[in-house]
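I opened the model to look up its strand pairing and its nonpolar cores. My entries follow in the order I made them.

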Amino acid sequence: MTELNELELTNVSGGQYNGPVFRYTINWGDTLSGIAVKYKTTVAVLMELNPNEIKNPDKIYAGHTILVPYTK
C-alpha cells in the first residue's frame with residue numbers, strides 16, 4: 001500500500017464515503033474491483049468518487065487517475 005508521506009491527501013464529504021482520499025494512477029492490468037480490494041473499499045465508492053472518470057466499471061484505462069479512499 002502507498003505510504004502516507006508519499007501522498008497528497010484531500011478530504012471529501014457527502015455520499016457513501018467521507019474522509020481522506022488520494023489520487024491513484026491506474027496501471028495496465030488493474031481492475032476496479034482489484035483496486036477496491038487493495039485499498040479496502042468498494043467499487044461503488046470508487047465510482048461515486050469518480051463520476052467523470054469512471055462511467056463503466058468494466059472499462060478503466062491505464063494512465064488515468066482516480067480518487068481512492070485512504071485507509072491506514
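**Strand pairing**

I started with strands 2 and 3, which run antiparallel and are joined by 5 bridges. The model is predicted, and I read the pairing with that in mind.

**Fold outline**

I then listed the elements of the chain and found 2 helices and 3 strands. Their order from the N terminus is β-β-α-α-β. Of the contacts with a separation of 6 or more, 60% are between residues 24 or more positions apart.

**Cores**

I looked up the largest nonpolar core, which has 13 residues. Tyr24, Ile35, Ile66 and Val68 have the most contacts inside it. Strand 2 (19-25), helix 1 (32-38) and strand 3 (65-69) each give two or more residues to this core. Helix 1 supplies the largest share, 3 residues. Another core, of 5 residues, lies apart from it and includes Tyr17, Val21, Val45 and Leu67.

What does valine 68 touch, leaving out residues up to four places away in sequence? I found Pro20, Val21, Phe22, Tyr24, Ile35, Tyr39 and Leu46.

**Burial and surface**

I checked strand 3 for burial: 4 of its 5 residues are buried, so the strand is largely enclosed by the rest of the structure. Over the chain of 72 residues, 32% are buried. I noted an accessible surface of about 4,700 Å² for the chain, with 51% of it belonging to carbon and sulfur atoms.

Key
Residues numbered from 1 in each chain as written. Predicted model: local features only at pLDDT ≥ 70, side-chain atom pairs only at ≥ 80, totals over all residues. Heavy atoms only, no water. Core = buried A, V, L, I, M, F, W, Y, C linked by side-chain atoms within 4.5 Å. Buried < 20%, exposed > 50% of the residue type's maximum accessible area, 1.4 Å probe, protein only. Contact = heavy atoms within 4.5 Å. Pairing = 2+ DSSP bridges. Areas by Shrake-Rupley, 256 points an atom, 1.4 Å probe, with all protein chains shown as cover.
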